[in-house]
Amino acid sequence: IHFSDFRGRAVAFTFFFTSCPLPEFCPRMNKNFFEARKILLADTNAPANWQLLSISFDPGFDTPQILTAYGNFYRGSATNRWLFAVASTNTLAELAPKVDLHFWREGGSISHNLRTVVLDTNEKIFKQFDGNDWTPQELADAIRAAAKIPAN
């Protein structure tokens, strides 16, 4: 998966790992994505050119099978407009500094900050949410606005 695969669409992405033990971190990000997706799908006036992407930074554990089961837990059988993927170490090394994402192994787990990013239709950062204080409605609003930017 490459961001260029979604050119012409607004893309909201966040970072997580499936074995995260903190309910206010990774699980909350995915619950917020679930709710934002529900808002956008229910809005008959919302643009149709958007995509959600949950990116794991634990390539050693988060295999395709684990991501499929984890994704199905959050999005159910309706997989449209929401992908779960794992980023390679090289991809993370390139992407993390661009959005000020920090993560490190500590005590048998992964510690990290929270970053959720909305790209516009031209793959430019439209909005970045730092932390976990944003709401699904705020994310849905940012996706709507980013999707309305004409693609070059």
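Ala, Val, Leu, Ile, Met, Phe, Trp, Tyr, Cys and Pro count here as nonpolar, Asp, Glu, Lys and Arg as charged, and the others, Gly among them, as polar. The model is predicted, so local features need pLDDT of at least 70, side-chain atom pairs count only at pLDDT 80 or more, and totals for chains, interfaces and linings use all residues. Residues are numbered from 1 along each chain as its sequence is written, and side-chain values use heavy atoms, with hydrogens and water left out.

**View 1. The largest pocket.** This pocket has a volume of about 540 Å³. A pocket is an open set of points on a 1 Å grid over the protein atoms alone, with protein on both sides within 12 Å along at least five of seven lines. Grid points are joined across faces, edges and corners, and a volume is the space filled by probe spheres set on the points. Lining residues have an atom within 4 Å of a point. The lining of the largest pocket numbers 20 residues, and Ile1, His2, Phe3, Thr91 and Leu95 lie nearest the centre. Its classes are 13 nonpolar, four polar and three charged. β2, β3 and α3 each supply at least two lining residues. The largest share, five residues, comes from α3. Helices (H or I, at least four residues) and strands (E, at least two) are DSSP runs, numbered from the N terminus.

**View 2. The largest cavity.** A cavity is a set of points on the 1 Å grid where a 1.4 Å probe fits but cannot get out. The count comes to one cavity of 30 Å³ or more. The largest cavity has a volume of about 30 Å³. Its lining is made of Phe3, Phe6, Arg7, Arg9, Val11, Leu119, Asp120, Thr121 and Glu123. By class, four of these lining residues are nonpolar, one is polar and four are charged.

View 3. Helix α4 covers residues 136-147. The expected span of a helix is 1.5 Å times one less than its number of residues. For the twelve residues of α4 that gives 16 Å, and the end C-alpha atoms are 16 Å apart, which agrees. Pro136, Leu139, Ala140, Ala142, Ile143, Arg144, Ala146 and Ala147 of α4 are buried. Buried means under 20% relative accessible area, exposed over 50%, and partly exposed in between (1.4 Å probe, protein chains only). The buried residues of α4 pack against β1 (10-16), α1 (26-42), β2 (50-56), β6 (115-119) and β7 (125-130).

**View 4. The largest nonpolar core.** A nonpolar core is a set of buried Ala, Val, Leu, Ile, Met, Phe, Trp, Tyr and Cys residues joined through side-chain atoms within 4.5 Å. The largest one holds 45 residues, and Phe13, Phe15, Val118, Leu139 and Ile143 touch the most other members. Two or more residues of this core come from each of β1, α1, β2, α2 (64-75), β3 (82-86), α3 (89-99), β6 and α4. Contact means heavy atoms within 4.5 Å. Beyond four places in sequence, Phe15 is in contact with Ile55, Phe57, Leu92, Leu95, Val99, Leu101 and Arg115.

**View 5. Asn30 and Ser54.** Asn30 lies in helix α1. Ser54 is found in strand β2. Asn30 counts as buried because its relative accessibility is 0%. Ser54 counts as buried because its relative accessibility is 0%. Leaving aside neighbours within four places in sequence, Asn30 is in contact with Phe16, Ser54, Tyr70, Tyr74, Trp82 and Phe84.

**View 6. Leu53 in strand β2.** Leu53 belongs to strand β2. At 3% relative accessibility, Leu53 is buried. Its contacts beyond four places in sequence include Ile1, Phe3, Phe6, Val11, Phe13, Phe33 and Trp82. Leu53 and Cys26 are 27 residues apart in sequence and 13 Å apart in space, C-alpha to C-alpha.

**View 7. Two loop residues with positive phi.** Asp100 sits in the loop between α3 and β4 (103-106). Asp100 is not a glycine, yet its phi is positive, about 60 degrees. Asp100 is partly exposed, at 38% relative accessibility. Glu123 sits in the loop between β6 and β7. Glu123 has a positive phi of about 65 degrees, although it is not a glycine. Glu123 is partly exposed, with a relative accessible area of 31%.
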